[in-house]
Amino acid sequence: MPRLDRLPRILRSTLLTFPAQVNDTAPFAPLQMPLSACRLAIVTTAGLHVRGDTPFIGGDPTFRIIPSNISAADVLQSHISLGFDRTPIIRDLNVTFPIDRLRELASGGQIGGLAPNFYSIMGAMRKTSRIEKETGPAIAERLRNERADAALITPT
Amino acid sequence: MLARSLETAGIATVVISLVREHTEKVKPPRALWVPFPFGHAFGKPHDPQIQHRVLSTALGLLTEPNGPVLQDFPDDVSTDHQPSAPVQASAVAPIANIPDDPAMEGTQMRLYHEQWRGRNGGRTAFGLTGIPATRFRGVVRFLQQFADGVDVDMPERPPAVDLPNFIRLCADDLKAMYYEARLAMKPEMQGEDVARWFWGETAAGQLLRRVRDRLDASENPSWKAAAFAVAR
């Protein structure tokens, strides 16, 4: 789940006909250190942003920066999708954007730490060429400059 | 797709996947498929144990030597309480005798909303328009005039946000305030029941139906898109 056979017909067919990119292979960057030394970033497609930052609109291919030391009270969601219940994230941001859980792992030494910034884009994008050509590479370059070793990519 | 950009730049990635069928096509380098509905990527709200299980399983994939790898999270977590899809306005019949004064009703909701904020360390999903809750009667009036067919706008609308998108943000804020107010009243209430209450029993729900109708009657695709977003 969302297991397609349990979804309402319209939502199921929207997902089945969604123009997902088809790839035969994937680039692969092996992790160069143990997890306990790895600096992590979250990159989310949940349409999250800092309170006061410009909300996302449908089809918006730009990204937002979320400092990794942000308080959960200052993160908002402006996702346009019809397909998900808002109450889980209203109750607990960690269900989509697990900042408190990652901080726990960092203070327990299971991961090396958090990169200074996390990144967010809009999800359910039907036109993805700008994400592929501009937004993705721009986020990658910023993460590299900020010495992130790995990224956890989360949906909503 | 994002994962591919990052890996090309030398950053290892792991994706939480909700739709296995899509992930199989996109083939990110490392992905963990989770058996949860949309909106629940890490299992359940306020359940650090399941959130940590998902997180640790995903991070474990970062140490895989080769890819692409797509692993399934064990399907041993009960998700029976989670509806597979949210309730839309069109699926709820409004009850008779709904109060027809959304401004008055909103004033009452704002008090419950304050309670919610107090209990959650100030956290609220409300705030997309930047207009504070204390001035939300003005937003309700704006939406009422829009629904009545008046050519209306708000000075708070940023120039970069067009009218239908601004209306969508106003609707999202109104819903966030009401949903949080309802959860303050009934903390255990499931999302599906909150949506049924909003669309079936509140004046604000009926106002947003009328806003949707005007947006949907337009030939303009961005108005029509906003109509869908307002009524979910």
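This is a predicted model: local features need pLDDT of at least 70, side-chain atom pairs count only at pLDDT 80 or more; totals for chains, interfaces and linings use all residues.

Author: The buried residues of helix 9 of chain B are Ala226(B), Ala227(B), Ala229(B) and Val230(B). Viewed down the axis of helix 9 of chain B, these buried residues fall within an arc of 165°, so they line one face of the helix. The arc is taken from the directions that lead from the helix axis to the C-beta atoms. A residue is called buried if 20 or more other C-beta atoms lie within 10 Å of its own, exposed if 12 or fewer do, and partly exposed in between, with C-beta atoms placed from the backbone. Helices (H or I, at least four residues) and strands (E, at least two) are DSSP runs, numbered from the N terminus.

Residues are numbered from 1 along each chain as its sequence is written, while chains are lettered from A and ligands numbered from 1 in the order in which they are written.

The cover over the buried residues of helix 9 of chain B includes helix 6 and helix 8 (203–216) of chain B. Helix 6 of chain B is itself mostly covered, with 20 of its 23 residues buried. From its first C-alpha to its last, helix 6 of chain B reaches 33 Å, close to the 33 Å expected at 1.5 Å a residue; the expected span is 1.5 Å times one less than the number of residues.

These helices belong to a chain with 9 helices and 3 strands. From the N terminus on, the elements of chain B follow the order α-β-α-β-α-β-α-α-α-α-α-α. The C-alpha trace of chain B spans about 60 × 40 × 30 Å along its principal axes, and 45% of the 232 residues of chain B count as buried. An automatic or database domain assignment divides chain B into domain 1 (2–72) and domain 2 (89–230). The C-alpha centres of domain 1 of chain B and domain 2 of chain B lie 34 Å apart.

Chain B also touches chain A. Two residues are in contact if their C-beta atoms, placed from the backbone, lie within 7 Å. The contact between the chains takes 74 residues from chain B and 66 residues from chain A. On the side of chain B that touches chain A, at least two residues each come from several elements, including helix 6 (163–185), helix 7 (191–201) and helix 9 (221–230) of chain B. Helix 1 of chain B gives the largest share of that side, 7 residues. By type, the residues of the side of chain B that touches chain A divide into 42 nonpolar, 22 polar and 10 charged. Here Ala, Val, Leu, Ile, Met, Phe, Trp, Tyr, Cys and Pro count as nonpolar, Asp, Glu, Lys and Arg as charged, and the others, Gly among them, as polar.

Gly191(B) counts as buried because it has 25 C-beta neighbours inside 10 Å. Leaving aside neighbours within four places in sequence, Gly191(B) is in contact with Asp85(A), Thr87(A), Pro88(A) and Pro86(B).

Strand 7 (residues 150–154) of chain A and strand 1 of chain B pair in the parallel sense over 4 bridges. In this pairing, Ala151(A) stands opposite Thr13(B) in strand 1 of chain B.

Strand 7 of chain A also pairs with strand 1 of chain A, in the parallel sense and over 5 bridges. There, Val43(A) stands opposite Ile153(A) in strand 7 of chain A. Strand 1 (residues 39–44) of chain A is mostly covered, since 5 of its 6 residues are buried. Strand 1 of chain A runs parallel to strand 6 (residues 117–120) of chain A, joined by 2 bridges, and the bridge partner of Thr44(A) in strand 6 of chain A is Ser120(A).

Technical notes. Two strands pair if DSSP finds at least two bridges between them.
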